[in-house]
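Hi everyone, thanks for coming. Today I'd like to talk about how side chains pair up, and I'll keep it friendly for those who are new here.

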Amino acid sequence: MNVEDALKKRISIRNYLSKPVDEETLRTLFERARWSPSGGNMQPWKVIVVTGQAREEVVKIGMDEAIAAYANPDLRQDDEFNVYPPNLTPIYNNRRKQVGQDMYEVLGIPREDKISRYAHVGRNYEFFGAPVGVFFIIDRQMGRGQWAHLGMFMQSVCLAATEMGLGTCIQEAWAFSRKSLAKHFELPDNEILYCGMSLGWPDMVAPLSKFRSKREVVDSFVQFKGF
Ligand SMILES: Cc1cc2nc3c(=O)[nH]c(=O)nc-3n(C[C@H](O)[C@H](O)[C@H](O)COP(=O)(O)O)c2cc1C
């Protein structure tokens, strides 16, 4: 698979086969992703990968706490920094709404069916059925730059996974139980759990596995000067 194909083929997968992913495959994946660039080559990322019983344990945390927090914002554990900035200007808010609308349309869930929408959101906390969950962690001393580099690493994981036939879905939904997960994983105080990721063999029969979210055209975000 070439880079263009991987970039275009990678989508967030929210339906997985129950087939496990073995450790060797995951080691190969991270062996490839570790070649991501980072400022000063600091490689400001840490990863925890869970499957089996370890996965069950975090699913329980997600189901117990994050879902409650989804319904009651006071319980959210993303107070250190919000998943979404408050008061987003319309351009960004509209894009966010649009992708939700488009996704629920594919799922056949109408806007007024709040219960089904909650149920879909709840699937985040069972990694959308993926046999593997991944958590991305960064040292608190790191600044905006290094957080961007963590993001680049995460994209590398997604692209390498795509080439290997694996599906991924990055999930900041796990931020709602960020503190409980940090405690569960016994993270030192200097580390913060940024977000999770579902990982597994995609169920390509599911309609959502073919959902390609929209993008802005190049001229809307790139200025070409001096050509
Ligand atoms: C940092 C980050 C956090 C995300 N969090 C979630 C999430 O919690 N749940 C979810 O279903 N998708 C999540 N996504 C997936 C985005 O919704 C998705 O990337 C976006 O709509 C574009 O679609 P695509 O990935 O299929 O191209 C997240 C993506 C990123 C990069």
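I'll go through the cysteines and then some charged pairs.

A quick word on where the values come from. This is a predicted model, where local features need pLDDT of at least 70 and side-chain atom pairs count only at pLDDT 80 or more, while totals for chains, interfaces and linings use all residues. Residues are numbered from 1 along each chain as its sequence is written, and side-chain values use heavy atoms, with hydrogens and water left out.

Let's begin with the cysteines. A disulfide is a covalent bond between the sulfur atoms of two cysteines. Here, the term stands for a pair of cysteine sulfur atoms within 2.5 Å. How many disulfides does that rule give? The count is zero. Take Cys 158: the nearest cysteine sulfur belongs to Cys 169 and is 8.7 Å away, and Cys 158 is in no disulfide. Seen from Cys 169, the closest cysteine sulfur is the one in Cys 158, and 8.7 Å is too far for a bond.

Are these two cysteines buried or exposed? Buried means under 20% relative accessible area, exposed means over 50%, and partly exposed is in between, using a 1.4 Å probe and protein chains only. Cys 158 is buried at 1%, and Cys 169 is buried at 2%.

Now for the charges. Side chains of opposite charge can pair when their charged atoms come close. We call it a salt bridge when a side-chain nitrogen of Lys or Arg is within 4 Å of a carboxyl oxygen of Asp or Glu. The whole structure has twelve salt bridges, and I've picked some to show you.

Look at Glu 23 and Arg 27, which form a salt bridge with N to O at 3.0 Å. They sit four residues apart in helix α2 (residues 23–33), so about one helical turn separates them. Helices here are DSSP runs of H or I with at least four residues, strands are runs of E with at least two, and both are numbered from the N terminus. Glu 23 is exposed at 51%, and Arg 27 is exposed at 59%.

Next, Glu 191 and Lys 46 meet in a salt bridge at 2.7 Å, N to O. Glu 191 lies in strand β4 (residues 191–200) and Lys 46 in strand β1 (residues 46–50), so this pair ties together parts 145 residues apart in sequence. Glu 191 is buried at 9%, whereas Lys 46 is partly exposed at 44%.
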